[in-house]
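Visitor: I have not looked at this one before. Can you walk me through it?
Guide: Go ahead and ask.

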Amino acid sequence: MAEDIISISIILNGQKTEPRQVPKNMLLLDFLHDEMALTGTKFGCGIGVCRACTVAWQRVPTAEPVPILACSTPVDLVNGQTIRTVEGLADNNQLSKLQTAVLEAFAFQCGYCTPGFLMAGEILLDGLKHAPVERDKVDEAVLGAIGQHICRCTGYVRYLQAMRKVILETPGLVKKSEL
Ligand code: FES
Ligand code: FES
């Protein structure tokens, strides 16, 4: 019915999307897959547990990005707002530091969980630019970001190692020690 159709336009990976007419109850994950042809965000459990569907959300472009679960977020809730997905991480075909570190660490096997880990990790990195972490709290910060993500193939250690490496090697993310 006409009243069940809504017009959706979001700022997706830096680009405002053309308005799309979609069912009012469409989930963000389905919007990304079916309307935007972006399939990097994965459907795992569909009930808000595995976090494979994590994307970064900003209510306004100046807000700090936070993770949301695309499998359980109606796209209507983020209409007009800013969403970043795994497809938005590379810059000019250049992988982000975290993507490179995850690859170099062989952190994944099938890779199904990887977009979710990457998005949670990138959100943490963004946050650390404004609020650097103490060196001895790096692992705690990483676990706070990815500790609830589920991977069915590997241990989690290599994801953690990749994130730790990027944090320690990126200027400004770790507080300078006071002498
Ligand atoms: S698909 Fe598992 S939390 Fe969204
Ligand atoms: S690498 Fe397969 S689910 Fe994590």
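Visitor: Is Gly 88 buried, exposed or partly exposed?
Guide: This is a predicted model. In it, Gly 88 is partly exposed, because 19 other C-beta atoms lie within 10 Å and a buried residue needs 20 or more.

Visitor: Where is Gly 88 in the chain?
Guide: Gly 88 sits in the loop between strand 7 (82–84) and helix 2 (97–104).

Visitor: And which residues is Gly 88 in contact with, leaving aside its neighbours within four places in sequence?
Guide: Those are Asn 13 and Gly 14.

Visitor: New topic. What order do the strands of the sheet take?
Guide: The order is 3-2-7-5-6, in an open sheet of 5 strands with mixed pairing. Strand 3 (15–16) and strand 6 (66–69) are at the edges; each has a single partner strand, so one side of each has no neighbour in the sheet.

Visitor: How many bridges join strand 5 to strand 6?
Guide: There are 4, and the two strands run antiparallel. Val 55 stands opposite Ile 68 in strand 6. Helix 3 (residues 114–130) packs on the sheet and touches both strand 5 and strand 6, with its direction at about 35° to that of strand 5.

Visitor: What about domains: how is the chain divided?
Guide: Into domain 1 (2–88) and domain 2 (97–169). Their C-alpha centres lie 22 Å apart. The contact takes 17 residues from domain 1 and 14 residues from domain 2.

Visitor: Which elements give two or more residues to the domain 1 side?
Guide: Strand 5 and strand 6. Strand 5 gives the most, with 3 residues.

Note on methods. Residues numbered from 1 in each chain as written. Chains lettered and ligands numbered in written order. Predicted model: local features only at pLDDT ≥ 70, side-chain atom pairs only at ≥ 80, totals over all residues. Pairing = 2+ DSSP bridges. Contact = placed C-beta atoms within 7 Å. Axes fitted to C-alpha atoms, helices over the stretch in contact; angles between N-to-C directions. Buried ≥ 20, exposed ≤ 12 C-beta atoms within 10 Å, placed from the backbone. Domains from an automatic or database assignment.
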